[in-house]
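Hi,

Here is the structure I promised to pass on. Have a look at it first, and my notes follow below.

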Amino acid sequence: MSGQQEILKVAMPKGRIYKQASKLFREAGLPIPADFDDTRKLIIEVPEAHMEFIMAKPVDVPTYVEYGVADIGIVGKDVLMEENKDVYELLDLGIAKCRMSVIGLPDWKPVINPRVATKYPNVASQYFRELGQQVEVIKLNGSIELAPLIGLADRIVDMVETGQTLKENGLVEMVPIFGITSRLIANRVSYRMKNDQIQKLCDRLQATLAARA
């Protein structure tokens with residue numbers, strides 16, 4: 001075997017999580033240039049770190065990792081729970097903190113045949129099923145907060161970070177369901193074949209997280 005290190009392919013979510021993740025990677029001593037934070041490139045090569053970043057929509061990251069086009073990826077716990085892909089969850093990175101919650105209007109009263117709107121139909125269905133409540137789950141892709149305001153649904157299940165959007169739209173957080181942070185995940189085959197590289201990265205990130213704490 002040659003001393004040439006293989007390239008580790010990393011699926012990275014665009015936007016808010018990427019900025020926090022790239023900062024964490026830099027703190028861990030990985031040479032990721034700062035100007036990558038605003039690039040429109042979809043594939044970013046960092047040869048000095050033996051890494052290649054695939055910039056993806058957050059919801060697609062587990063799919064790229066499951067199918068092995070990326071060895072590892074960074075993804076929110078919300079997406080992991082909704083998508084339920086066959087990947088290893090290696091590390092809680094503690095970034096992009098928020099929570100999944102049930103949200104509604106302040107004067108909400110239980111109704112017959114309740115409807116719940118959400119971007120996360122699997123998460124919502126499981127939550128209400130575990131409570132023994134029958135609800136009709138409506139999948140929406142954007143502006144979930146609209147649903148109770150226009151009478152499409154009487155409650156929503158969505159992520160809450162600061163609660164500012166809810167406040168501005170006259171909604172209240174009723175029940176927090178679970179906390180969300182971003183996780184490092186790995187493809188099952190890559191985890192075996194590139195175990196050394198992946199483990200070293202995990203160790204560096206863990207040390208950085210411990211130093212932050």
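A definition to start with: angles under 35 degrees count as roughly parallel, over 145 as roughly antiparallel, 65 to 115 as roughly perpendicular and the rest as oblique. Axes are lines fitted to C-alpha atoms (for helices, over the stretch in contact), and angles run from 0 to 180 degrees between N-to-C directions. Bear in mind that this is a predicted model, where local features need pLDDT of at least 70 and side-chain atom pairs count only at pLDDT 80 or more, while totals for chains, interfaces and linings use all residues. Residues are numbered from 1 along each chain as its sequence is written, and side-chain values use heavy atoms, with hydrogens and water left out.

First, the overall picture. The chain has eight helices and 11 strands; these are DSSP runs numbered from the N terminus, with helices being H or I of at least four residues and strands E of at least two. Its C-alpha atoms fill a box of roughly 65 × 30 × 30 Å along the principal axes. Of the 213 residues, 44% count as buried (buried is under 20% relative accessible area, exposed over 50%, partly exposed in between, using a 1.4 Å probe and protein chains only).

Now the helix pair. The axes of α1 (residues 16–27) and α8 (residues 195–212) come within 9 Å and cross at roughly 95 degrees, so α1 and α8 are roughly perpendicular to each other. On the α1 side, Lys23, Leu24, Phe25 and Glu27 make the contact, and they meet Leu201, Leu205, Thr208, Leu209 and Arg212 of α8. Contact here means heavy atoms within 4.5 Å.

Two of those residues turn up again in the core. A nonpolar core is a set of buried Ala, Val, Leu, Ile, Met, Phe, Trp, Tyr and Cys residues joined through side-chain atoms within 4.5 Å. The largest one has 30 residues, and Met12, Phe25, Met51, Phe53, Leu93 and Leu205 touch the most other members. Elements giving two or more residues to this core include β1 (8–13), α1, β11 (182–186) and α8. Leaving aside neighbours within four places in sequence, Leu205 is in contact with Leu24, Phe25, Ala28, Leu91, Leu93 and Leu184. Apart from this core lies another, of 12 residues, among them Cys98, Ala124, Tyr127 and Phe128.

Next, a sheet. Five strands form an open sheet in the order β8-β7-β9-β6-β10, with mixed pairing; two strands pair if DSSP finds at least two bridges between them. At the edges are β8 (136–139) and β10 (172–180), each pairing on one side only. Strands β7 (residues 115–118) and β8 run parallel and are joined by four bridges, and Ala117 has Ile138 in β8 as its bridge partner. Helix α4 (residues 121–130) packs on the sheet, and its direction makes about 165 degrees with that of β8.

Then there is a hairpin. β2 and β3 form it with four residues between them, and His50 in the turn has a positive phi of about 55 degrees. The two strands run antiparallel with four bridges, and Ile43 stands opposite Ile54 in β3.

Asn169 is partly exposed, with a relative accessible area of 32%.

Cheers
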